[in-house]
Amino acid sequence: MNEAERFYEIGGVRILVRAPYYEDSEILKPFRCADTAPDTVFDFRFSNGIRPSELPKMWEYAGTSYHSDGAYHETVVHGEGGILMKVCGDGRRSEVLFDAAHPDYFGAHVVLKALALPELMLRYDALFLHASMVIYNGRAILFTADKQVGKSTQASLWEKHLGARIVNGDRALVRRHDGIWRAFGSPYCGTSSICNNAAADIAAVVILGQAKETTIRRAGVREALQAMMSGVTYNVRSKTESESCLELCGRIVTELPFYRLDCTPDITAVNALLNAITEN
């Protein structure tokens, strides 16, 4: 493989990155793959005087991004002192211009940001869900909740008591693959640092809550949809992405089992969920 070319496979989507040399980060390394026919290509190059086609009203805030909607999109990242990066593409091939004045800043974190995976994966009917993902008996369980509710804790309990494998501690990729909803590990692991490249058919999506006693029930469609829409990652300013997310979430909540688990952080929660999954 040429040093200027790197192949990644994320959620079954093959990505070719052509870029100046950079060190792969620990969260991207697991997703490297052999040379293959790519589904999408990103060409990076350094450039001077990057300008967007149009500017948003609040452009003066450093660190903000601007994204144009539509089949052919333009994403601009604004850094201190001007435009840091511009990405133009149609989902199949994208050109990435990076500010030549900051070559030392270029690296795997820039590549990951330019890939804009939540947006890219929507084009393949896949979305990122804030959830801890474990694989148990060959099937995936996703724990989703607000911050600090206990997603990672429940995943760790399944690892400790049942030997489940923790695939990701923060965000899992959900995609319908060969007619079956599957969960995939992703490069987004948050503070958990758990970032594995693995996939499995989904056994259940679990909406977590804290309680003094453990109770579990099947979640209704409305409750499940609300949890999905609050947990998925997408650009709320993009009409296209919002509509795609809503449509995908609607399919997911009607085709997968969702549970509401209000629990204590101990083995009683593990047993309650295990029994519910086994019975259904």
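Let me begin with Asn137, which is exposed, with a relative accessible area of 67%; here buried means under 20% relative accessible area, exposed over 50%, and partly exposed in between, with a 1.4 Å probe and protein chains only. What we are looking at is a predicted model, in which local features need pLDDT of at least 70 and side-chain atom pairs count only at pLDDT 80 or more, while totals for chains, interfaces and linings use all residues. Residues are numbered from 1 along each chain as its sequence is written, and side-chain values use heavy atoms, with hydrogens and water left out.

Staying with Asn137, this residue sits in the loop between strand 8 (126–136) and strand 9 (139–144), where helices (H or I, at least four residues) and strands (E, at least two) are DSSP runs numbered from the N terminus. Its phi is near 55 degrees, a positive value in a residue other than glycine. As background, most residues other than glycine have a negative phi. Ser193 also has a positive phi, of about 65 degrees, although Ser193 is not a glycine, and its place is the loop between strand 12 (180–184) and strand 13. Is Ser193 buried or exposed? Ser193 is exposed, because its relative accessible area is 59%.

Now the chain as a whole. The protein has 6 helices and 15 strands, and of its 280 residues, 51% are buried. If we take contacts, meaning heavy atoms within 4.5 Å, between residues at least 6 apart in sequence, then 64% of them join residues at least 24 apart. The accessible surface comes to about 13600 Å², with 48% of that belonging to carbon and sulfur atoms; these areas come from the Shrake-Rupley method with a 1.4 Å probe, and for residues only the protein chains shown count as cover.

Some individual pairs show how separate parts of the sequence are placed relative to one another. Ile277 lies in helix 6 (residues 267–279), and its C-alpha atom is 7.5 Å from that of Ala203, 74 residues away along the chain. Not counting residues up to four places away in sequence, Ile277 touches Ile141, Ala204 and Tyr259.

Ala116, in the loop between helix 1 (108–115) and helix 2 (117–122), is 118 residues from Tyr234 in sequence and 9.9 Å from Tyr234 in space, C-alpha to C-alpha, and at 23% relative accessibility Ala116 counts as partly exposed. Ser242, in helix 5 (residues 239–255), is in contact with Tyr234, Asn235 and Val236, leaving aside its neighbours within four places in sequence. Ser242 is partly exposed as well, at 21% relative accessibility, and its C-alpha atom is 9.4 Å from that of Met229, 13 residues away along the chain.

Next, the cysteines. How many disulfides does the structure hold? The structure holds 0 disulfides, a disulfide being a pair of cysteine sulfur atoms within 2.5 Å.

Finally, the second largest pocket, which holds about 660 Å³ of space. Of the 26 residues that line this pocket, the closest to its centre are Ala145, Asp146, Lys147, Gln148 and Lys151. A word on terms: on a 1 Å grid over the protein atoms alone, a pocket is an open set of points where a 1.4 Å probe fits, with protein on both sides within 12 Å along at least five of seven lines, and lining residues have an atom within 4 Å of a point. Grid points are joined across faces, edges and corners, and the volume is the space filled by probe spheres set on the points.

Which elements supply at least two residues each of that lining? They are helix 3 (151–162), strand 13 (199–210) and helix 4 (221–231), and helix 4 gives the most, with 5 residues. By class, the lining has 6 nonpolar, 14 polar and 6 charged residues, where Ala, Val, Leu, Ile, Met, Phe, Trp, Tyr, Cys and Pro count as nonpolar, Asp, Glu, Lys and Arg as charged, and the others, Gly among them, as polar.
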